[in-house]
Amino acid sequence: MNAPTTLKELMPNIAAAQGTDVVHESARLHVTGEAVYTDDIPELRGTLYAALILSPVAHGELIGEGIDRAAILAEHGVVAVYTASDIPGENNCGPIVHDDPFLAVGKVEFLGQAVAVVVARDMLYAREAAKKAVVNVKELPAILTIDEAMAAKSFVMPPKGITRGTPAEAIKNATHTIKGQTTCGQQEQFYLEGQITYAVPREDGQLTLYVSTQHPDGNQREAAAALNLTTNDVEVICRRMGGGFGGKEGNASIFSQSAALAAFKLQKPVKLRVNRDDDMMITGKRHDFRIDYEAGFDDEGRILGIDVTLASRCGYSTDYSGPVNDRAVLHIDNCYYLPNLSIISHRCKTNMQSATAFRGFGGPQGMFGIETVIEQIARKIGKDPLEVRKINLYQEPAASGNPATLTTQYGQDIEDWIGDKVMAQVEAESDYSRRRISVDSYNKASKYKKKGIALVPLKFGISFTATMLNQGGALLNIYMDGSVSVNHGGIEMGQGLNTKIAQIAADGLGIPVNFIRVTGTDTQKVPNASATAASSGADINGAAVNNACDQMRVRLAAVAARMLNCSSDTIKFIAGQAVNTAAVAENSTKNAVSWKDLVKQAWLDRVGLSVTGFYMTPDIKYDFMTLQGKAFYYFCYGAAVTEVEIDTRTGEWWLQKVDIVHDAGKSINPAIDLGQIEGAYVQGMGWLTMEECIWDMKAKANGMRSGKLLTHGPSTYKIPVASDVPEHFKVSLFEGQNVKPTPFKSKAVGEPPLMLALSAYFAIRDAVSASAEHKVPVFMDAPATPERILMACEALKNPK
């Protein structure tokens, strides 16, 4: 490599990896089928296969162990069966509160709860034996709905709430008031790769678990506790996942512990891979919410006071219902200043799968609530909802004259407010004003088909609300040939995390990105890692990698300084070289050393080429009991304009145009971020328009209700497909950077864009409203399925 002779010559070679469209590190492997997922790992000789025996009722007392062991063991190919009585340690897969056994004890609390693990020589044998097994249970009445739980005061935990100002007085004195109720539904994560664990016993009582999981540390700790092992006896490895969306944050432990128990007892490798139907019957969904509201406002639509009651269906155990419902409360404001607010959140216990984490984690449900209020206000005073949204936005105190107009209901000052700018950009880029006129003109001329358009913003807080989780670790190894391996606590689940980590490491060391190999997540390399959740993967793990790179540069700078006979202070790592910037400025010929030569010399000098990095998110001080304080490190913003068409005679609808402006800060990888934004919108659209969990609520012959999930496979549960995405689908990244020192001044893109799809729901609602010339209030729950659209249109013909 020829050394640069001048700073001018040097500068063009500084090709930073961050900020460029580096191809996803597994793209070729995905396309060719070479990417190794958990089920692709070559099986060891003697591998056995497990399946779960599930409860056939929503609520009941187990008679004895609940199974006939002898009958199950007599089935062809079966070698063992285990129940809760066989667990040597703690029987728990609850991620926060230990109220969730991975195998039922004494009672069952939802249809599909795991009662026992059957192990056989072949997966087919195990599954057949599990299906044939009879569960002995005395059936009991079940609580299935939010309304039933509220009436019975059945909760998984006490309610929480926030009061700001004097909402009751403000509503009473307001010129206008509205009152209503709405609901938003559940959603299945529907990851492409189902739940799976391959458990392999090792010497001296140790176990290695290959798990499709968002939280290896949780699987490790819970398996160790179940088997009376210490945590260092259990290793959890996950190279990649085929999607998670929150469904593998806590729920993966049901399967990893069941497989671990069988492997530990038998001292044989055991694989547990559930089929799609069982996966959907066992695992939790997005929390559905009932939202009751009353608001008072002025002639312009400015909200003066608002009272909101949230009630969510949490299922039979706590799971993540605490922080999910907390986040719904924290996001009830979305982008709006609510000077007088009362909100209370009820967490309802029902005899269903424990609702769990899902992309957005309560934020989408809270935003759905306030946007419903905004829409109803606009219709009552005859304004475009966009006008009402604008007048209620947070404002800089310099403009409003009120310092509170940039402070949230939980007392956090918003330091990075750009919501109004993002809205203005998408309004201009989408040509919203002209299109609104065009939509109105179309509706006047069309009798049966109606169009709708909506512009909806978002503000989403980034951080775990459990402060201790905002930490990450990394391991950086440099080899004598100059190649580098990086390991971190995050999980690659298709979102491009490892690609961004490679870019961060490349720039941190000043070398090309193809020198970097990001290796599979392993609890024996980076311990105590938080789940890859809360949109924090790149922020936390990337910052830990930066910390490791900072340390390594200091070590290598001293080596380079000796090689170049200069001060280490003048050494910079640029374009695969260690450069003496002082010598470059003086046009000295001995001004750089190649990365490979530097690394080899460091080894010869016995300088450590391995280092651990650590990061903890600063500036967070939040009381999760009072829901007050600085809950988030920063906020992400976005806005979308969606245009739809409906047929008022059938309820069918068509997504016609989508325009998005999203704030990703200074993007580490724009191509990956654009893909995340597009995918999140489509997944959010699915939640709000077509994905519906339908339950069997009918009474059986014994008078008990089934409580069975009827939509437990792709034949009955509809997710969006490619044909649902319109040709006009435009996404722009907002020009800017994070005010906080995140890697490359970037912002999270995992969860926030999902809420852009609120514009799809409210565009449909706008079209429904147009069927009655916007003169009658629309009441339509989500998802806005064709049935609900049709019923809403019919209801407008005969308003009560």
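This is a predicted model: local features need pLDDT of at least 70, side-chain atom pairs count only at pLDDT 80 or more; totals for chains, interfaces and linings use all residues.
Figure 1. Residues are numbered from 1 along each chain as its sequence is written, and side-chain values use heavy atoms, with hydrogens and water left out.

**Figure 2. An aromatic cluster.** Which residues come together here in one aromatic cluster? They are Y337, Y394, W417 and Y637. Searching the whole structure turns up 14 aromatic pairs. Rings of Phe, Tyr and Trp (its six-membered ring) pair if their centres lie within 6.5 Å; planes under 30 degrees apart count as stacked, over 60 as edge-to-face and the rest as tilted.

Figure 3. Buried means under 20% relative accessible area, exposed over 50%, and partly exposed in between, with a 1.4 Å probe and protein chains only. Strands (E, at least two residues) and helices (H or I, at least four) are DSSP runs, numbered from the N terminus. Two strands pair if DSSP finds at least two bridges between them. Strand 7 (residues 155-164) pairs with strand 15 in the antiparallel sense over seven bridges, and R164 stands opposite L341. Strand 14 (residues 303-315) pairs with strand 15 in the parallel sense over nine bridges, with I306 standing opposite L341. From strand 14 the chain crosses through helix 10 (residues 321-330) to strand 15, a β-α-β crossover that is right-handed. In plain terms, if the strands point away from the viewer, a right-handed path from the first strand over the helix to the second runs clockwise.

Figure 4. Strand 2 (residues 60-62) and strand 6 share three bridges in the antiparallel sense, and L62 has V137 as its bridge partner in strand 6.

**Figure 5. The second largest pocket.** Helix 10 turns up again in this view, supplying the largest share of the lining of the second largest pocket, four residues. Strand 7 and helix 7 (216-226), like helix 10, each supply at least two lining residues. The lining holds 36 residues, of which I96, P323, A466, M468 and L469 lie nearest the pocket centre. The volume of this pocket is about 810 Å³. On a 1 Å grid over the protein atoms alone, a pocket is an open set of points with protein on both sides within 12 Å along at least five of seven lines, while a cavity is a set of points where a 1.4 Å probe fits but cannot get out; lining residues have an atom within 4 Å of a point. Grid points are joined across faces, edges and corners, and a volume is the space filled by probe spheres set on the points.

**Figure 6. The largest cavity.** How much space lies in the largest cavity? About 120 Å³. Its lining is made up of 16 residues, and D100, F110, I254, I282 and Y316 lie nearest its centre. The structure holds eight cavities of 30 Å³ or more.

Figure 7. Most residues other than glycine have a negative phi, and most peptide bonds are trans. D204 has a positive phi near 60° and sits in the loop between strand 9 (196-201) and strand 10 (207-211). D204 is exposed, with a relative accessible area of 74%. D431 also has a positive phi, about 60°, in the loop between helix 14 (419-429) and helix 15 (432-445). Is D431 exposed, partly exposed or buried? D431 is partly exposed, with a relative accessible area of 33%. A cis peptide bond joins A782 and P783, with omega about 10°; P783 lies in the loop between helix 21 (758-770) and helix 22 (786-797).
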